[in-house]
Amino acid sequence: MEFRGVGLTYPGPPPVHALRPCELSVDVGEFVAVVGPSGSGKSTFLNVAGLLDAPTEGTYLLDGIDTAALSDADRTALRGRRIGFVFQAFHLMPHRSATENVMLSMVYSAVPRAERRTRARDALRRVGLAHRFDALPGRLSGGERQRVAIARALAGRPSLLLCDEPTGNLDSGNADTVLALLGELHASGMTVVVITHDRDVAARAGRTVTIRDGILSEERAADAPGADAPGDGIPRADAPRDGTPQADAPRDGVHRPERDPA
Ligand SMILES: Nc1ncnc2c1ncn2[C@@H]1O[C@H](COP(=O)(O)OP(=O)(O)OP(=O)(O)O)[C@@H](O)[C@H]1O
Ligand SMILES: [Mg+2]
């Protein structure tokens, strides 16, 4: 993905410069962490990168395609083909099995139902849930639920996986499992961009991009906080985890545009 002077201003009043015009290239197969304080513009960045919101300035090229030139329908189709999303809240349908939840992501695709089931099960195997195909989300741990959500993101065979605080609702054990899974996906060639407050997540990524007051900047890896962290999974003093999984709701109350079809 390539941002050339990409910015987004919410019209207001007053206008909010949520993302100041910025340059960023992410190559195929990179693992990039996006960090920054609350309200700094991280989700705005992700929504633009994920073709959920169109930038108000600049040019965004995804796999070489100038996304500004696309109609709404073509943008939606491109998003469906190329991008998988994982959010902090898992957004699973409570009365549908793991397999059905993953299948629902393909409901608007041309994939026939039998093939949808096969693909859903392949994706669940890939995230280590082959033994939980028929489980309802309420019978799964938080980490397993997030793995179902990751399987759902993978089922469409995206080239880019965008994650907004994927470990934000998880205790440290489950967060480590999800983090290891993201590492495996990256190792298998997936391009992964992860918004995170979690130093272990940022430490695992090859690159860290910082957003502050809507201004995106990049430090060299050697300067990045946590770049040389031991990766031992021990929570750091400034990132305490109390082991209490949180409710299935975003902490920031920001509307998540990605919704399961009812
Ligand atoms: N739809 C909107 N209309 C107007 N302003 C918005 C809208 N969505 C977000 N903002 C503002 O844009 C800025 C960036 O918000 P954003 O959600 O990108 O922050 P964030 O870095 O993801 O924060 P958090 O870590 O709390 O999730 C904030 O000032 C926010 O209030
Ligand atoms: Mg956010």
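View 1. The largest nonpolar core here counts 62 residues, and Val-34, Val-102, Ala-151, Leu-162 and Val-194 have the most contacts inside it. Helix 5 (residues 142-155) gives the most to this core, seven residues. A core means buried Ala, Val, Leu, Ile, Met, Phe, Trp, Tyr and Cys residues joined through C-beta atoms within 7 Å. Buried means 20 or more other C-beta atoms within 10 Å of a residue's own, exposed 12 or fewer, and partly exposed in between, with C-beta atoms placed from the backbone. Helices (H or I, at least four residues) and strands (E, at least two) are DSSP runs numbered from the N terminus. Skipping residues up to four places away in sequence, Ala-151 touches Val-102, Ala-123, Leu-124, Arg-126, Val-127 and Leu-129; contact is C-beta atoms, placed from the backbone, within 7 Å.

A note on the model: it's predicted, so local features need pLDDT of at least 70 and side-chain atom pairs count only at pLDDT 80 or more, while totals for chains, interfaces and linings use all residues. Residues are numbered from 1 along each chain as its sequence is written, with chains lettered from A and ligands numbered from 1 in the order written.

**View 2. The shell around ligand 1.** Of the 13 residues around the ligand, Tyr-10, Ser-38, Lys-42, Ser-43 and Thr-44 come nearest; "around" means a C-beta atom, placed from the backbone, within 6 Å. By class, the shell has four nonpolar, seven polar and two charged residues, where Asp, Glu, Lys and Arg are charged, Ala, Val, Leu, Ile, Met, Phe, Trp, Tyr, Cys and Pro nonpolar, and the others, Gly among them, polar. Strand 2 (16-25) and helix 1 (42-49) each supply at least two residues, and the largest share, three, is helix 1's.

**View 3. Helix 1, wrapped up.** Eight of the eight residues of helix 1 are buried, so the helix is largely enclosed by the rest of the structure. Just after helix 1, Leu-51 takes a positive phi of about 60°.

**View 4. Tyr-10 in strand 1.** Tyr-10 sits in strand 1 (residues 2-10) and is partly exposed, because 13 other C-beta atoms lie within 10 Å. Leaving out residues up to four places away in sequence, Tyr-10 touches Pro-15, Val-16 and Ala-18.

View 5. Strand 1 and strand 4 (residues 57-62) run antiparallel, joined by four bridges; pairing takes at least two DSSP bridges. Phe-3 stands opposite Tyr-60 in strand 4. Strand 4 also pairs antiparallel with strand 5 (residues 65-66) over two bridges.

Key
Two residues are in contact if their C-beta atoms, placed from the backbone, lie within 7 Å.
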